Amino acid sequence: MIAWLSHHWHAFFLALRQLASAPFANLLNIIVIGVAFSLPTGVYMLLGNLQAFSGQMSEAPQLSLFLELDADKATISKIESRLKQHPQVANFQFISKDSALKQLKQGSELTDIVDSLTQNPLPDAFIINANSTEPEALEQLRAEIQKWPKAEYIQLDSAWTKRLDALLKLGQLAVLMLTALLSFALVVVTFNTIRLQILTKRDEIEVSKLIGATSNFIRRPFLYFGAIQGVAGGVIAWLIIAIVIHFINSELTDLVQLYAVDLHLYHLSVEDSISLLLFSSCLGWLGAWLSVATHLWQIEPK
Amino acid sequence: MISFSNVYKRYPNGFDALKNIAFTIKLGEMVFITGHSGAGKSTLLRLIAAIERPTLGGIFVNNKNVSTLKSRAIPFLRRNLGMVFQDQKILFDRSVFDNVLLPLQICGFDHWSATGRVRAALDKVGLLSREKARPITLSGGERQRLCIARAIVNRPSILIADEPTANLDADYSKDIMNMFKSFHQVGVTVLIAIPDAEILGRSQERILALNHGKLEI
């Protein structure tokens with residue numbers, strides 16, 4: 001047990017010393033790995049944020065009912081009472097054409113244009129919250145209200161979240177493909193680094209074999225090196241994402257003020273961050289293992 | 001104990017390095033192998049450490065058949081052998097101390113007990129004051145002693161040396177030989193290849209003389 005621990009500690013120490021022996025070259029390698037990994041990680045992070053955002057939206061599926069411009073008070077109160085009695089409607093809010101125009105004046109830079117209008121082009125509208133979140137039920141409700149008199153157009157506000165969900169699925173596929181490609185790149189980078197190391201350590205490997213080193217003993221420092229390089233690359237990727245998020249968020253604060261919505265990018269969760277590091281270390285280990293398996297047997301003592 | 005029974009070694013190019021070699025070296029014995037260059041001394045030593053495999057015959061080291069040993073078991077055989085190589089195989093990228101430390105690291109010694117053993121080994125060969133030196137700064141005789149320290153640091157039961165006095169002047173050679181004799185006196189089995197028996201003077205040790213791959217009796 002002590003010998004086993006001692007072996008692993010020794011290998012870990014050797015790997016660290018190897019890293020320190022050529023700091024610049026190793027740093028460049030790690031940065032290459034980090035940059036390569038930041039791409040799929042970044043897209044993944046964006047997808048996570050979008051998903052969270054669309055989740056917020058689709059919690060309350062809304063229908064916007066726009067009436068025809070010539071709808072009078074009687075029609076409006078009739079629609080109001082129909083909506084009150086409808087079992088599918090949870091609650092609704094009436095927005096008159098005047099208040100809509102007021103909102104438009106306040107909330108935008110179009111004040112001048114709005115002022116220059118001779119008559120109000122906006123319709124009266126109802127914002128309806130449905131009981132059900134099922135897309136089919138919402139669609140049914142939409143079709144029903146559409147047939148009511150003076151109903152000009154009814155819009156299902158959750159329709160775009162469905163489109164977003166479909167887009168997100170596409171994005172997830174893209175992340176998978178990017179991850180696969182760039183993982184391959186990481187394995188190749190590690191493979192080559194380890195190959196060079198094995199070549200420069202030829203003498204040491206040969207002597208070690210002659211005085212009774214097992215293959216595991218010789219292999220171990222290289223595997224540790226690969227794993228450490230992978231983890232370091234993962235950390236770099238994480239930092240790159242953190243910096244990008246910092247910049248985007250400071251830009252977003254302006255947008256947030258304009259639209260009065262909570263729009264922030266969040267970094268990877270703790271679980272996702274740990275998975276990222278584990279994944280990159282495993283890939284580094286794999287690259288090292290492949291390299292050792294291909295090159296070590298060529299060095300036999302003579 | 002080392003024993004050869006009807007060992008043949010033929011290289012892929014058809015050269016017969018060893019022909020029908022049979023001998024037994026008892027526990028704690030000191031034996032010299034003599035012979036001209038190319039007589040098969042090195043090949044014989046390399047067969048013992050399973051660096052090469054015999055074409056025919058059986059080789060037994062401590063009652064284990066080396067010629068049929070699985071390659072996974074070879075490292076553990078070599079840990080019981082202390083070897084001084086003809087071309088020394090010193091690692092020049094590390095200090096004298098670290099060169100001698102390597103066999104102990106391979107066996108998984110912890111740092112503290114390993115340090116004690118390395119110092120003891122360096123002390124035995126008279127290199128303790130040079131432990132921090134780079135091997136490149138050592139003289140020929142000192143390098144040879146470094147190799148011996150590395151071979152004995154693991155306290156092997158068998159010590160094998162391939163022409164340990166090559167390229168050394170008479171005084172140094174005598175020093176080195178006396179060192180091997182002192183290991184023999186504490187019970188280590190010692191096997192040394194030398195080009196000719198002259199260097200031994202009138203000592204009483206057993207000699208195996210090789211001539212063109214055959215043992216002369």
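The model is predicted, so local features need pLDDT of at least 70 and side-chain atom pairs count only at pLDDT 80 or more, while totals for chains, interfaces and linings use all residues. Residues are numbered from 1 along each chain as its sequence is written, and chains are lettered from A and ligands numbered from 1 in the order in which they are written.

**Chain B**

- Chain B has six helices and ten strands; helices (H or I, at least four residues) and strands (E, at least two) are DSSP runs, numbered from the N terminus.
- The radius of gyration of chain B, 17 Å, is close to the 17 Å of the globule rule for 217 residues, so chain B is as compact as a globular protein of that length. The radius is taken over C-alpha atoms, and the rule is 2.2 Å times the number of residues to the power 0.38.
- Along the principal axes, the C-alpha atoms of chain B fill a box of roughly 45 × 40 × 35 Å.
- In chain B, 40% of the 217 residues count as buried, meaning that 20 or more other C-beta atoms, placed from the backbone, lie within 10 Å of the residue's own.

**Sheet in chain A**

- Four strands of chain A form an open sheet in the order 2-3-1-4, with antiparallel pairing; two strands pair if DSSP finds at least two bridges between them.
- Strand 2 (89-95) and strand 4 (151-156) of chain A are at the edges with a single partner strand each, so one side of each lacks a neighbour in the sheet.
- Strand 1 (residues 62-67) of chain A runs antiparallel to strand 4 of chain A, and five bridges join them.
- A:Leu156, in strand 4 of chain A, stands opposite A:Leu63.

Key. Buried ≥ 20, exposed ≤ 12 C-beta atoms within 10 Å, placed from the backbone.
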